[in-house]
Amino acid sequence: MKINFTKKQFETLIELVYAGHWILNSHRNEEIKKYNEVEQLIYSFAKPFGLEHFIEFDKRLDGYYPTLEFEDSMEELIAEYDDRAFWDELVDRLALRDLTKEGIEGKSNEEIMERRIELKEKYEIEFEKHHLNRLKIEK
């Protein structure tokens with residue numbers, strides 16, 4: 001199979017591969033090998049596309065790696081993702097905690113989902129207005 005990319009499309013593909021790799025592997029002690037293999041394959045075509053300012057070959061590590069310039073260019077996108085993921089996860093976990101405390105026995109799946117959405121909305125409004133300023137940990 002042959003796939004043709006313009007330089008701009010391949011640049012976008014490199015950004016997607018980097019972001020995907022970051023999401024799947026950045027938090028692991030041992031990276032998932034199959035993703036690394038595809039990442040290395042895609043990165044190996046950076047030079048023929050004139051994108052060596054994005055990806056370079058490191059002889060010492062025997063592989064292709066993003067340049068600092070490229071990583072810096074991706075930093076804002078990753079920070080946006082981290083920020084959104086933090087708030088979404090916080091709201092979801094607090095809502096689930098409250099729902100569990102209330103109890104779900106005897107409730108239909110629809111009732112549980114409706115209540116979970118209500119609780120999430122409550123926390124979304126709270127954090128939108130006050131961020132973490134009113135969040136407390138009690139003993």
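A salt bridge here is a side-chain nitrogen of Lys or Arg within 4 Å of a carboxyl oxygen of Asp or Glu. The views below come from a predicted model, in which local features need pLDDT of at least 70 and side-chain atom pairs count only at pLDDT 80 or more, while totals for chains, interfaces and linings use all residues. Residues are numbered from 1 along each chain as its sequence is written, and side-chain values use heavy atoms, with hydrogens and water left out.

**View 1. The salt bridge between K122 and D98.**
The closest N and O atoms of K122 and D98 are 3.6 Å apart. K122 belongs to helix α4 and D98 to helix α3, so the pair ties together parts that are 24 residues apart in sequence. Helices here are DSSP runs of H or I with at least four residues, strands are runs of E with at least two, and both are numbered from the N terminus. D98 is buried, at 12% relative accessibility, whereas K122 is partly exposed, at 44%. Buried means under 20% relative accessible area, exposed means over 50%, and partly exposed lies in between (1.4 Å probe, protein chains only). Apart from neighbours within four places in sequence, D98 is in contact with L119, K122 and Y123. Contact means heavy atoms within 4.5 Å.

**View 2. The salt bridge between R84 and D88 in helix α3.**
Side chains of opposite charge can pair when their charged atoms come close. The N to O distance between R84 and D88 is 2.7 Å. Because the two residues are 4 apart in helix α3, about one helical turn separates them. R84 is partly exposed, with a relative accessibility of 47%, and D88 is also partly exposed, with 39%.

**View 3. Further salt bridges: a network and a pair.**
D92, R116 and K120 are linked in a network of salt bridges. Elsewhere, R60 forms a salt bridge with D58, and their closest N and O atoms are 3.6 Å apart. R60 is exposed, at 71% relative accessibility. By the rule used here, the salt bridges number 12.

**View 4. A patch of negative charge on the surface.**
The patch gathers E69, E71, D72, E75, E76, E80, D82 and D83. Patches are made of residues with over 30% relative accessible area and no salt bridge; like charges are joined within 9 Å, and nonpolar side chains (Val, Leu, Ile, Met, Phe, Trp, Tyr) within 5 Å. Lys and Arg count as positive and Asp and Glu as negative, while His and the chain ends are not counted. The place of a charge is taken as NZ of Lys, CZ of Arg, CG of Asp or CD of Glu. D83 is found in helix α3, which spans residues 68-102, and E76 lies in helix α3 too. With a relative accessible area of 57%, E76 is exposed; D83, at 44%, counts as partly exposed. The C-alpha atoms of E76 and K120 are separated by 27 Å, and the two residues are 44 apart along the chain.

**View 5. A nonpolar patch on the surface.**
I23, L24, Y35 and Y81 form this patch, and together they have about 330 Å² of accessible area. Accessible areas come from the Shrake-Rupley method with a 1.4 Å probe, and for residues only the protein chains shown count as cover. Y35 is found in helix α2, residues 33-43. Y35 is partly exposed, with a relative accessible area of 34%.

**View 6. N25 and its contacts.**
N25 lies in helix α1, residues 7-25. N25 is buried, with a relative accessible area of 1%. Not counting residues up to four places away in sequence, N25 touches E31, I32, Y35 and N36.

**View 7. Positive phi at D62 and at H131.**
D62 is a residue other than glycine, and its phi is near 55°. D62 is found in the loop between β1 (55-58) and β2 (63-66). At 61% relative accessibility, D62 counts as exposed. H131, which is not a glycine either, has a positive phi of about 50°. H131 is found in the segment after α4 (109-130) and is partly exposed, with a relative accessible area of 47%.
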